[in-house]
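This briefing is for a reader new to the structure.

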Amino acid sequence: MSGVDGATPGAPAAAGVNPLGPQGAETSVALLEARLGWGRHAPTGGTVRFTLNGREIEARADETILQAAERHGVSIPHLCYTEGMRPDGNCRACMVEIDGERVLAASCARRPTPGMVVHTGSERALHSQRMVLELLVNDAPQPPSLETELGYWAAQLGVRAGRFPMRSQPVPDLSHPGIQVHLESCIQCTRCVRACREVQVNDVIGYANRGSSAKIVFDFDDPMGESTCVGCGECVQACPTGALLPSLSLLAG
Amino acid sequence: MILRTLNSTPARQVESLCPYCGVGCQTTYNVAGNRIISVEGRNGPANRGRLCVKGRFGFDYVHSSQRLRTPLIRREDVAKDPEHLVDPSNPLSAFREASWEEALDRAADGLRRIRDEYGGGALAGFGSAKGSNEEAYLFQKLVRTGFGTNNVDHCTRLCHASSVAALMENLNSGAVSNPVSDVQYADVIFVIGSNPTVNHPVAATFMKNAIERGTRLILADPRRTEMARLATHVLQFRPGADVALLNAMMHVIIEEDLIDRDFIERRTRGFDDVRRTVKAYSPETVEPITGVPAAEVRAAARLYGASRQSMIFWGMGVSQHVHGTDNARCLISLALMTGNIGRRGTGLHPLRGQNNVQGASDMGLIPMVYPDYRSVEDPETRAYFEQLWGATLDPKKGLTVVEIMNAAKQKQIRGMYIMGENPAMSDPDLRHAREALATLDWLVVQDLFLTETASFADVILPASAFPEKTGTFTNTDRRVQLGRKALEMPVGVRQDLELIQEIARRMGLDWNYAGPADVWSEIRKAVPSCAGITWERLEREHAVTYPCRNEGDPGDEVIFTESFPTRDGRASFTPAEFTQGDDPPDDDYPMVLITGRLLEHWHTGAMTRRAGVLDAIEPVAHVSMNPQDMERLGVGPGDPVAVASRRGKIVAQARRDDGVPVGAVFIPFCYVEAPANLLTNPALDPFGKIPEFKFCGVRVGRADVPEERHATRPELYTPAHPG
């Protein structure tokens, strides 16, 4: 767990909670391997039956609640998790209610257990999902583009900005010829951090500061164009909000 | 994932490939109107959704204002001048526009006249490792059946010809044994003469993933490159000392009994020859040559030898030497004596450069072999192809790239057809190569731009770019993948496949291929290892690995599992002795020149220097130098530096690079304003006929200070002899 945004009330302190059940003891690298299907660390076969929104469904042993739900046609909002990436559980947009549990769970980072009863659209779950999205949308440039994942989910849940004051917005960093950095759109989901460090292993993007000052940085908070960035664009492909975008020059004649 | 596309919504998405390196990343092109607006990685077997800066941002070259849109014929009042390149923005300064009909007639007439007057041997063709398999196949067929010669080659000659020579000699197969993705099973990765984060960036990411999980990396290179930060052992050996280093590693492996006796006994022959040879190469003995501490060599050798799963990757740093074949022989011996081949996570992987250099070679774009590497001198094979193609074929091996240039200079070759290659930038000793091109009686160039090579053309045929065509491309892992057309060509431009056929028809061949699928079905007859790959399957699965001999075969990712394709099924050891480079430093030229590529620029820069983002990141020709040398020479970062070899001189900006060894300079060869290949040495490896791009003596000094006032010269680089 990293980067819990201080402004995200839906995020319970997760210390001591093992987000992945019995597999949680594995390292992030092992999880990466598991997702890449790299044999050695993938959970073994078998299935788990559990109840999702009143319907009994079957999950594969290596699936999270979110993955199993999606495969059975139930969509749950999610931003910091994307298929093919290690679940981080930090945005809290995918909160679901589990019978018998005191707090909501991040469905991207939780595996179902036999007999578990999960509600993705209960009042409590929806309230939490909406609140997370509202707080995120509120800080984003308005209105968030429907072509971003943030805009898509906000529209899906009918969430609009305006109730809260907006944070002070950083200025765009246009120092790199290929990639624009718009941290005003950043929700600190850390998909770019994982893309840069775990997928491409370029180790340029990092996560600096704490609480509401937390932000994405390149090397030692250098302008992107002066950092050791190699321009692979894995972060652009990973970003769900348009905080990292291909340069406009690519569209010019 | 959801598309973020700024203001324009893509009308459609096209599943295709990246046009740059041999890794073979699958891409999705997001297209609006007739423009690519963004590129994303697809979940292909070689890239798993990943891309590098070139694949992601290097697509706008197709829209460059310098794109040729009309056939061009040389103006009679403008002579070919090797000292003068035509401005690619102003083609009409040397050419006039022509209709397609006139241009094609003139192009073919010129070639036909030479063939009829001097014989097919006076003609030659350079195909392209950037073209599709279908284009490569038709191009070599045109040269062999229409020109009547085997003088057909391409840039594989400048790239892995020596590796292939050694692999053919010892394993009778030039293919990689294991895919890059096998690094996930390897305990040790040995990377030598390769800078994968720059030249095969996406392959490098899989290596890095493996290293983070515990796989060990041994990195051997004269330059300390990016991967060094993840390496267990960095063997920064002196340029050209490859054989000494590798023999020393084998010496240790034999001395410490880390060999696989069972494998040597059952599957190889000739081990004793290598054992005898490497006896003289103890790490201590060769330390003065390699410059690597003996203890470090011993440790690396133990790591490689003791591991059950060791995988070797190499690049041009190994192959581009006059002893390139010897270098590769040593790597083969290393793998064979430790039994590290024929299983998952082991093997020999010469990292292929161009996106289709594997395929172009498979298709027979090589002067000594027909498709599938079958000798042109073998009567049985010749009879097969004479029947398949309905033509009489030349029984003699053809000339290779550099040999063709020499023959052109001597008027033995008089006419050439060059498709998508740029020898006026990529050949060694460019002054000579450009003179040779200018000497030709007739040169037809087919390309996107008025390249440096096209400056010497008589007819230029504007051709199709990668995203404008459909065809198959074979990556470094032997995966045949389908590239799909994403854009309509600019008006006035024609498909390469059509142009080859237009020339063929005018050379008297009755060709009528309906399209790439039609050509592919003939390829399946000519290349037995691809016979099982149907077009429909490629459309469905996007990628199929060969060997795939029968329809329905899954395709073998790992080869040599049971035996080698030699007569007795055994691989052989070929010993190699350390030899000097051809043009070693001396008092006049005291430093060593190493050439290579940059992450952002592809090859001669024809594409990437016209790609906005890529050229903005690396816009300036530069010379990378060690700070110690810079201090001694009184050169600061950004100062203009003159680099001269026995063949030429260029001026470029100095760049500090702590990874470049003292006594050497590194120059990328993509900058036309300071072409590194003006300096390089055309001396050839005797087996692979590959020139020595990676080693020659140079003199370096500030360009803005007269030579006599230069600061002290750096110490002379002097590798000693063993023993």
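The notes below start with how the model was treated and then go by topic.

This is a predicted model, in which local features need pLDDT of at least 70, side-chain atom pairs count only at pLDDT 80 or more, and totals for chains, interfaces and linings use all residues. Residues are numbered from 1 along each chain as its sequence is written, chains are lettered from A in the order in which they are written, and side-chain values use heavy atoms, without hydrogens and water.

**Second largest pocket**

- The second largest pocket holds about 950 Å³ of space.
- A pocket is an open set of points on a 1 Å grid over the protein atoms alone, where a 1.4 Å probe fits, with protein on both sides within 12 Å along at least five of seven lines; lining residues have an atom within 4 Å of a point.
- The volume is the space filled by probe spheres set on the points.
- Of its 39 lining residues, those closest to the centre are A:Val230, B:Val198, B:Glu226, B:Leu599 and B:Glu618.
- The largest share of the lining, three residues, is from α6(B).

**Backbone features**

- B:Tyr546 and B:Pro547 are joined by a cis peptide bond, with omega about 5°.
- A:Arg92 is not glycine, yet has a positive phi, near 65°.
- A:Arg92 is buried (under 20% relative accessible area), at 5%.
- B:Asp257 also has a positive phi, near 55°, and is partly exposed at 42% relative accessibility, a class that runs between 20% and 50%.

Note on methods: Helix = DSSP H or I, 4+ residues; strand = E, 2+ residues; numbered from the N terminus. Buried < 20%, exposed > 50% of the residue type's maximum accessible area, 1.4 Å probe, protein only.
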